[in-house]
Structures are given as C-alpha cells and as structure tokens.
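Subject: Structure handover

Hello,

Here is the structure you asked for. Please open it and keep it beside this email while you read.

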Amino acid sequence: MNYLLKNIIMKKQTIFTTILFLVCISVFNTSAQKADLTGEWKINREKSVIADNQLLLSKITIQLKSDSIITTRVYESGDGQEYPFDEKISLDGKENKVVIYDMPRTSTATHSDSDGSILIASTTTFNGNNGMEDMTAKESWKLDNEGKFLTLEFTNKMSGNETTGTYFYEKAK
C-alpha cells in the first residue's frame, strides 16, 4: 500500500512538473519573439500628418527575415503618381547599395531586440538644382502592441532643410 501511494504521488509530481515546464517554455517563447512587421502596409491618412506637395510613402510591403529586411516601397506624388522600388537591406548594420530611378542609394539597418523596431539610415544621391545632392533619411519602424499599426518616425535632411514626422500604416487585408 505504501509503495502504491508513493507511486501515485511521484506520477502527480512528474505530471505537475511537466505541465509547469511547458507553461514556462511557452511564456518564454512568446516574450522572446520579435515583432513581425511582415506584410503589406498602407498609410492611414487620417492618423498621419501629410505635408502638401511632398513625396509620401503610401504603401510598403515588408518581408522580415532573420538576417535582412526586404521591402517594396511605393511613394506617391501630390498628383497621385506612384513610384515603387524594391530594396533588400541586411540587419547587421552593413551598407547595402541599390540604384533607384538612376539615383544611387546606400542604406543600413538594425533590428532592436528590446522593442522589435527596425532602424534604417539611408543616403540617396540625385541631381538637384545645383548639381549632385544628397538626401539623408533616418527611419524607425515599430509595430504597436496589438499589431494593428506600423509606425514610421522619420527625419529627412536635404539642402540644409530638415523634415521630421510620423506616419501610421495599417495592414492591408
């Protein structure tokens, strides 16, 4: 009888320990996962403050890989024309180069482990009014807690002028 009672208690402890272990592992895995920005995102024009006569990143498709981010950005001009381009940037902070509509662009990106954000810095060289000119951009991409909105905080510098802002994107259905 004593042996049978010990056996039952041991089985219950083993089952309890196993369940506790599985719960801890699932909680750890959930908290360790990075925000997944993957998908097609469209600008929310009501939440975003959009300047007149400025190119606007109206849509972006993101594929977030473990070592890189692949994007298709669609910029929209004030008259509604769209200018898409594809870009692949490694997430190790190394420079990546691409040519967009005859304009060379150098970009770097890093993925923050603390909040899941993606930081992108780029320099695009173009032929301006006074010859060759650089437009530098710094972007911070972050998903909200519910995964409904992608926030883009940006700073653009060109010809001594600086533009900052925040755009909000919703996942396309």
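Lys47 lies over the face of Phe168, at 4.7 Å from the ring centre. The charged end of Lys47 also sits over the ring of Phe149, 4.0 Å from that ring's centre. A charge sits over a ring if NZ of Lys or CZ of Arg is within 6 Å of the ring centre and within 35 degrees of the ring normal.

A note on the source. This is a predicted model, where local features need pLDDT of at least 70 and side-chain atom pairs count only at pLDDT 80 or more, while totals for chains, interfaces and linings use all residues. Residues are numbered from 1 along each chain as its sequence is written, and side-chain values use heavy atoms, leaving out hydrogens and water.

Next, the aromatic rings. The structure holds 4 aromatic pairs (rings of Phe, Tyr and Trp, its six-membered ring, with centres within 6.5 Å; planes under 30 degrees apart are stacked, over 60 edge-to-face, the rest tilted). One of them is Tyr83 with Tyr101: edge-to-face, 6.2 Å centre to centre, 90 degrees between the planes.

Tyr83 is partly exposed at 31% relative accessible area. Tyr101 is partly exposed too, at 47%. (Buried means under 20%, exposed over 50%, partly exposed in between, with a 1.4 Å probe and protein chains only.)

Trp141 and Tyr169 have ring centres 5.8 Å apart and planes at 40 degrees, so this pair is tilted. Trp141 is buried, at 1%. Tyr169 is buried as well, at 0%.

Best wishes
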